[in-house]
Amino acid sequence: MDMKKYLVPFSGLALAACGNNVREMPNVIYVFPDQFRNQSLAFWNEDGYSGNVKWTADPVHTPNLDRFADESAVLSRAFSTCPLSSPYRGMFLTGMYPERSGVTLNCMALRPESTLNPDAVCISDVFAANGYSCGYIGKLHAETPMKNDPANPGHYVSDRNPEWDAYTPPERRHGFSYWYSYGTYDVHKDPHYWDTDGVRHDPEEYSVRHETDKAIEFLRNENGERKKDAPFFLALAYNPPHSPYESLDDCMEEDYDLYRDMTYEELYVRENADTTLSKAPSARYYFANVTGVDREFGRLLDELERLGLEKNTIVVFTSDHGETMCSQGTLDPKNSIYTESFNVPFMIRYPRKIRHRVDSTMLSTTDIMPTMLALAGLEDKIPHTAEGRNLAPVFLENGKECDIPDAVLYIRNLDGKKDKDGIVHGIFPEARGVKTGRYTMEIAIDRDMNIKRVLIFDDWNDPYQMTNIPYRENPELFAGLCAELREKLEEANDIWYREGIMDSLGL
């Protein structure tokens, strides 16, 4: 596919606020911890929330997120279109599906083709071009590692083989003028970062706490992190509660103590959890990191209020994907259509503009970029490359027509062919699926292009997805879901649509 027809040059974007008074434009803070499932929010068990889902929330302590939910529009059905770290980030930043964003697989040195397209117009490019100061703090994981270590030119940032971590040079930061980030590095109490000038920092403290400190410095503008009197866009990408979650080296002990003495019966409230799996002890550490994220998010909100910025700041809390945590008998925490992996938190607070409620509108990852730009008053600046829907009217309820989706697409890609050096070329599109208001369906294929499995779940009557509805015995249901899937594949111009894979499968 010719990428050029999907992209517009950055010079084509407006370079000023186009007559708007930037002082009246809202600030935007987008917080997205990694691998934080929707079920790990305590408020889903409370009055006003529990009737909107058909499952029980995890036994977690999330008082700050519970408070935030009471002030926000809360989506019960937000989904990570391709529930992996890197593809999510590509879609969030560009509003494009993985094949156009360039990020089709989790980024690492053996997958050089999976990397954020440097010519893509990102949400930060648009904000920056319209007067915003843009900052990025935390995990990026949207580019293939390059041999560009600032302290050791011509080398990767470590001697790992293959390398996963990465340094992002200024020319690839897409409008983010403040930078405190890294590629991917899963050591929660010994993180590292490269700053705006490419200097490495090793703070030797819990990453969520440290990143919140840096975000507070950004809010205070302590060291000129942003332009004075300009609106700002801040992306804050915590790594926890992502793995590892095996010991006190992976979380704060004060948070672990809340779960230390809980039995598996108390920890695992989902009917589909298999506590015989080797992963079962991880729940205590995972939930501890959920609480660690909650505490630091609360600290960020408190500072926003102390500075008098909360009334003119849009704050989003979400995640790139969920965590199965022993559900469905799988050790893979993500990259599946199971609700624990696919369904993510999405809460948005915008005082005086968005009222508190629980909303069942389905949101896909590609919808986030156009929706956030529109909420900030930049609806006419949404690049034509964005492939998602602008769902701002859903949140604002301002009477404008809005194309509300009746289903969302699911994508799972695997490595394509490997050359003699192990370098991956292309993708193998192993599975595609669709989530409707009632049903979840996934069709997976093998590399000989035969059906490997079909999953169909009735999420109304089987919220823990424990009974797979046989597709051959339910032809009418299967045909209807296939029709929905075809529509979504065509809308996304997905490889399954372009290559006629469903036709070749006889579907």
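Modeller: The model is a predicted one. By the distance rule, the count comes to 43 salt bridges.

Biologist: Why is the pair Arg89 and Asp34 called a salt bridge?

Modeller: The closest N and O atoms of Arg89 and Asp34 are 3.7 Å apart. The rule asks for a side-chain nitrogen of Lys or Arg within 4 Å of a carboxyl oxygen of Asp or Glu, so the pair qualifies.

Biologist: What makes the pair of Arg209 and Glu254 a salt bridge, and which helices hold the two residues?

Modeller: Here too the closest N and O atoms are 3.7 Å apart, and the cut-off is 4 Å. Arg209 lies in helix H5 (residues 207–220) and Glu254 in helix H6 (residues 253–256), so parts 45 residues apart in sequence are tied together.

Biologist: Are Arg209 and Glu254 buried, partly exposed or exposed, and how do you know?

Modeller: Arg209 has a relative accessible area of 28%, and Glu254 has 44%. Buried means under 20% and exposed over 50%, so both residues are called partly exposed.

Biologist: How do you know that Arg260 and Glu253 form a salt bridge, and what is their accessibility?

Modeller: Their closest N and O atoms are 3.2 Å apart, and the limit is 4 Å. Arg260 is partly exposed at 32% relative accessibility, as is Glu253 at 42%. Salt bridges with shared partners also join Arg209, Asp213, Glu254, Asp255, Arg295, Glu296 and Arg299 into one network.

Biologist: What makes strand E4 largely enclosed?

Modeller: Seven of the seven residues of E4 (residues 133–139) are buried, so the strand is largely enclosed by the rest of the structure.

Biologist: Why are E4 and strand E8 said to pair, and which strand else is joined to E4?

Modeller: Pairing requires at least two bridges. E4 and E8 (residues 232–237) have six, in the parallel sense, so they pair. In E8, Phe233 is the bridge partner of Cys134. Five bridges join E4 to strand E5 (residues 178–182), also in parallel, so this pairing meets the rule as well. Gly135 stands opposite Tyr178 in E5.

Biologist: Which residues of the largest nonpolar core touch the most other members?

Modeller: Among its 63 residues, these are Ile29, Trp44, Phe317 and Met347. Helix H8 (282–306) is one of the elements that give two or more residues to this core, and H8 supplies the largest share, eleven residues.

Biologist: Which residues does Met347 touch?

Modeller: Leaving aside residues up to four places away in sequence, the contacts of Met347 include Leu41, Phe43, Leu65, Phe68, Val315, Val316 and Phe317. Apart from this core lies another, of 49 residues, among them Val103, Ala142, Tyr350 and Ile354.

Definitions and conventions. Residues numbered from 1 in each chain as written. Predicted model: local features only at pLDDT ≥ 70, side-chain atom pairs only at ≥ 80, totals over all residues. Heavy atoms only, no water. Buried < 20%, exposed > 50% of the residue type's maximum accessible area, 1.4 Å probe, protein only. Helix = DSSP H or I, 4+ residues; strand = E, 2+ residues; numbered from the N terminus. Core = buried A, V, L, I, M, F, W, Y, C linked by side-chain atoms within 4.5 Å. Contact = heavy atoms within 4.5 Å.
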